[in-house]
Amino acid sequence: MAFELPPLPYDKKALEPYISAQTLEFHHGKHHQSYVTNLNNMVKDTPLAAHGLDDIITTTFKDPDKVGVFNNAAQVWNHTFFWHCMKSGGGGAPSGDVASAIDSAFGSLDKFKDEFKTACTSQFGSGWGWLVADGGKLSVMKTPNAENPMAHGKTALLTCDVWEHAYYLDYQNRRPDFVQAFIDHLINWDFVAKNMAKSA
Ligand code: MN
């Protein structure tokens, strides 16, 4: 069965003024759609067509003959995950288990935010910043291009897309401003809590 572009979990205007409807129109409707289309074309009539997205990502990572398949499969997964990491009226502070796990891993929520922002802004070129669960402990990581925590055997809890297409229409070259807006106004902590509960 072919992969399909999942709908955005909110209206295109829901994240304004931090992410414009125009950015979401292109980012979801063009970029995310292209990864889905490319992946379907690449796995068509191959044994991989019978596999799920997670399977394709973990089995093609670092396979020199499957670089294109990995890149498109991981980008399909990363974007679907990213949309759910944000919500209208997001940001603020987590509660409950997420709050205590962040305190114990980073010392405080502010220290986590600093570390996450540094990962996102220091990723050279295209990539992603992540909060991950790794063997019961939380940590921050950054990945280039399409790579994601799943490929490295870790569980993604939160991500920020730092490819230029994620922010250029709204922030031009000011990636730090985009990341700050993501942290302060967009993070969907309920989604992070759901991911953490599943990883336990
Ligand atoms: Mn993107």
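**Exercise 1.** How many residue pairs are in polar contact across the interface of domain 1 and domain 2?

*Solution.* Before counting, note that this is a predicted model, where local features need pLDDT of at least 70, side-chain atom pairs count only at pLDDT 80 or more, and totals for chains, interfaces and linings use all residues. Residues are numbered from 1 along each chain as its sequence is written, and side-chain values use heavy atoms, leaving out hydrogens and water.

Step 1: find the parts. Domain 1 spans 21-84 and domain 2 spans 96-199; the bounds come from an automatic or database domain assignment.

Step 2: apply the rule. A polar contact is a pair of N or O atoms within 3.5 Å; within protein, one must be able to donate a hydrogen and the other to accept it, and residues adjacent in sequence count only if both atoms are side-chain atoms.

Step 3: count. The rule finds nine residue pairs, both residues at pLDDT 80 or more.

**Exercise 2.** In what order do the three strands of the open sheet stand?

*Solution.* Step 1: know the terms. Strands are DSSP runs (E, at least two residues), as helices are (H or I, at least four), numbered from the N terminus; two strands pair if DSSP finds at least two bridges between them.

Step 2: read the order, which is β2-β1-β3, with antiparallel pairing.

Step 3: look at the edges. β2 (137-144) and β3 (155-161) each have a single partner strand, so one side of each is left without a neighbour in the sheet.

Step 4: zoom in. β1 (residues 127-134) and β2 pair over eight bridges, and tryptophan 130 stands opposite methionine 141 in β2.
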